[in-house]
Amino acid sequence: MEGEREKERENNGASSATCCVVGLDSTTNISYIACSSCEKPLHTQHNPSSTPALCCSFCKSSSFKRFYRVVMSVASGNKVMVVICFDKAARVMFGCSADEFFDFAKVNPFAVVTAGQILEGEMFGMKLSMPRSGNAEHLRATSVVPLHSGFQPVIQTLKKMYRVKHR
Ligand SMILES: [Zn+2]
């Protein structure tokens with residue numbers, strides 16, 4: 001039931017578009033820490049990389065994980081627009097969890113910039129919807145499907161580039 005309603009809400013006002021990635025905004029964080037049970041973002045002003053020894057102010061859970069929030073410019077038809085890819089969509093592009101990518105980026109400082117270069121020019125079928133809250137200004141990509149048959153998730157390409165050995 002819950003899943004059905006969620007689907008309905010996503011389809012409401014959503015449009016599908018073929019989008020070509022123009023660039024990824026690597027100046028803002030591509031992920032954030034949130035409560036792993038209610039998914040409410042945790043506000044850590046000072047040191048977001050430290051493990052928060054806190055509990056969620058909404059549900060009192062003490063487990064947190066990272067979720068993607070990737071801001072990117074895409075071209076569709078003859079216009080360029082800014083879209084936000086949240087966790088489900090971004091996982092398709094990155095091929096791993098936000099936590100895994102964050103850990104990878106910690107030891108490979110240019111990983112986010114390089115991820116942007118890898119995604120540049122990549123074509124995706126995106127389902128775009130208007131933000132639910134009135135003060136959010138960007139479209140959000142609720143689902144992403146790679147259109148290039150040889151598409152490799154970002155993390156795979158990065159690992160090859162940085163020659164990470166699988167153990
Ligand atoms: Zn919570």
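In which helix of the protein chain is confidence lowest, and in which is it highest?

**Figure 1. Confidence along the predicted model.** This is a predicted model. Confidence is lowest in helix 1 (residues 2–11), with a mean of 48, and highest in helix 2, with 97. Over residues 6–10 the pLDDT is below 50, and this stretch has two contacts in the model beyond near neighbours in sequence. Where pLDDT is low, the predicted coordinates should not be read in detail. For the protein chain the mean pLDDT is 85, and 81% of the residues reach 70 or more.

**Figure 2. The order of helices and strands.** Five helices and six strands make up the secondary structure of the protein chain. Along the sequence they follow the pattern α-β-β-β-β-α-α-α-β-β-α. Among contacts between residues at least 6 apart in sequence, 66% join residues at least 24 apart.

**Figure 3. Helix 5 and its buried face.** Helix 5 spans residues 154–161, and its buried residues are Val154, Ile155 and Leu158. Seen down the helix axis, these buried residues fall within an arc of 90°, so they line one face of helix 5. An α-helix has 3.6 residues a turn, so residues three or four places apart point the same way. The buried residues of helix 5 pack against helix 2 (87–94), helix 3 (98–107) and helix 4 (111–119). Just after helix 5, arginine 163 has a positive phi of about 50°.

**Figure 4. Phenylalanine 102 in helix 3.** Phenylalanine 102 is part of helix 3. Is this residue, phenylalanine 102, buried or exposed? Phenylalanine 102 counts as buried because 21 other C-beta atoms lie within 10 Å, and the cut-off for a buried residue is 20 or more. Leaving out residues up to four places away in sequence, phenylalanine 102 touches Ser31 and Arg66. Isoleucine 30 is 72 residues from phenylalanine 102 in sequence, yet the two are 8.9 Å apart in space, C-alpha to C-alpha.

**Figure 5. The largest nonpolar core and valine 83.** Of the 167 residues in the protein chain, 25% count as buried. The largest nonpolar core has 33 residues, of which Val83, Cys85, Ala115, Ala141 and Val154 touch the most other members. One of these five, Val154, is also among the buried residues of helix 5. Valine 83 touches Met72, Val74, Met126, Leu128, His138, Leu139, Arg140 and Ala141, not counting residues up to four places away in sequence. In soluble globular proteins, nonpolar side chains tend to be buried together.

Notes
Residues numbered from 1 in each chain as written. Predicted model: local features only at pLDDT ≥ 70, side-chain atom pairs only at ≥ 80, totals over all residues. Buried ≥ 20, exposed ≤ 12 C-beta atoms within 10 Å, placed from the backbone. Helix = DSSP H or I, 4+ residues; strand = E, 2+ residues; numbered from the N terminus. Arc of directions from axis to C-beta. Contact = placed C-beta atoms within 7 Å. pLDDT = per-residue confidence, 0-100. Core = buried A, V, L, I, M, F, W, Y, C linked by C-beta atoms within 7 Å.
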